[in-house]
Amino acid sequence: YTQEIRISKEILARAVEAYRKIRNTLRYLLANLYDFDPRVDLIERGRLEEVDRYILARYADVAKRILRGYEDYDYGAIFQALNVFITNDLSAVYADISKDRVYTFAARSRERRSAQTTMYLIADGLTRLLAPILSFTADELWRHLPGARDESVHLALFPTRGELDALDGPNLLDVWSKLMLHRT
């Protein structure tokens, strides 16, 4: 609504690939919550593994940018923030780092539950934030997320700034940003 729409086979192929990455990454998070009950298994932030606190801080930062994008009707910024976070942070880094804990640690171990808590918080928040722009995908995710929730994602509220501020970790972001520079 702000400029002429450009379209080509390449643009459509990139859109399809971006959607596929978003959907598959969220499916990965959801698939690892099959034995997770947030009422019983949710771990408080202070007891989470550092990598989990880091990715939650990244999520909080991205979620705030997405909320700002909705306030400003800047849907391009919403998509960019979401796409970069899912592609670079969740899929390429966090899923790779956390898979050993999720697949090999004891089912009720604190380390595994730490990863599941993180995956749950991110999947729940992103599903609510995606609802206006990827309504069918968000609806499908919402029906399969564990825990009690509103009947429809479209009746649920976005994560609040207070909830997101509680996940913030400016020092963690600085430290881990430096670590990521050395990742090969």
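This is a predicted model: local features need pLDDT of at least 70, side-chain atom pairs count only at pLDDT 80 or more; totals for chains, interfaces and linings use all residues.
## Aromatic pairs

The model holds four aromatic pairs. An angle over 60 degrees is what makes a pair edge-to-face. Tyr-70 also pairs with Phe-158, and here the rings are stacked, with centres 5.0 Å apart and planes at 25 degrees. For a stacked pair the planes must be under 30 degrees apart.

The pair of Tyr-70 and Phe-158 links distant parts of the chain. Tyr-70 belongs to helix α3 (residues 50-71), while Phe-158 is in the loop between α6 (135-144) and α7 (161-167), and the two are 88 residues apart. Through ring pairs, Tyr-70, Tyr-75 and Phe-158 form a cluster. Tyr-70 counts as buried because its relative accessibility is 12%, and the limit for buried is under 20%. Tyr-75, at 37%, counts as partly exposed. Phe-158 is also partly exposed, at 28%.

Side chains of opposite charge can pair when their charged atoms come close. The count of salt bridges in this model is 18. One of them is formed by the side chains of Asp-165 and Lys-64, at 2.6 Å from N to O. Is Lys-64 buried or exposed? Its relative accessibility is 15%, so Lys-64 counts as buried. Asp-165 counts as partly exposed, at 44%.

Lys-64 forms a salt bridge with Asp-168 as well, and the closest N and O atoms of that pair are 2.6 Å apart. Asp-168 lies in the loop between α7 and α8 (170-181), 104 residues from Lys-64, and this pair too links distant parts of the chain. Asp-168 has a relative accessibility of 27% and counts as partly exposed.

The side chains of Glu-71 and Arg-161 meet in a salt bridge of 2.8 Å, N to O. Because Glu-71 is in helix α3 and Arg-161 is in helix α7, the pair ties together parts that lie 90 residues apart in sequence. Glu-71 counts as exposed, with 51% relative accessibility, which is over the 50% limit. Arg-161 counts as partly exposed, at 33%.

Elsewhere, salt bridges link Asp-35, Asp-41, Arg-112 and Arg-113 in a network.

## Helix α6

Which residues of α6 are buried? They are Thr-137, Ala-138, Leu-141 and Trp-142. Seen down the helix axis, these buried residues fall within an arc of 135 degrees, so they line one face of α6. An α-helix has 3.6 residues a turn, so residues three or four places apart point the same way. On the other side of α6, the residues Phe-136, Arg-143 and His-144 are exposed. The buried residues of α6 pack against α1 (9-31) and α5 (110-130).

Ala-138 lies in helix α6, and its relative accessible area is 0%, so Ala-138 is buried. Leaving aside residues up to four places away in sequence, Ala-138 touches Thr-127, Leu-130, Ala-131 and Val-153. Trp-142 has a charged neighbour: the charged end of Arg-149 sits over the ring of Trp-142, 4.4 Å from the ring centre.

## Tyr-73 in a loop

Tyr-73 lies in the loop between α3 and α4 (75-104). What is the phi of Tyr-73? The angle is near 55 degrees, a positive value in a residue other than glycine. Most residues other than glycine have a negative phi.

Tyr-73 counts as exposed because its relative accessibility is 53%. Ala-138 and Tyr-73 are 65 residues apart in sequence, and their C-alpha atoms are 20 Å apart in space.

Conventions: Residues are numbered from 1 along each chain as its sequence is written. Side-chain values use heavy atoms; hydrogens and water are left out. Rings of Phe, Tyr and Trp (its six-membered ring) pair if their centres lie within 6.5 Å; planes under 30 degrees apart count as stacked, over 60 as edge-to-face and the rest as tilted. Buried means under 20% relative accessible area, exposed over 50%, partly exposed in between (1.4 Å probe, protein chains only). Helices (H or I, at least four residues) and strands (E, at least two) are DSSP runs, numbered from the N terminus. A charge sits over a ring if NZ of Lys or CZ of Arg is within 6 Å of the ring centre and within 35 degrees of the ring normal. The arc is that of the directions from the helix axis to the C-beta atoms. Contact means heavy atoms within 4.5 Å. A salt bridge is a side-chain nitrogen of Lys or Arg within 4 Å of a carboxyl oxygen of Asp or Glu.
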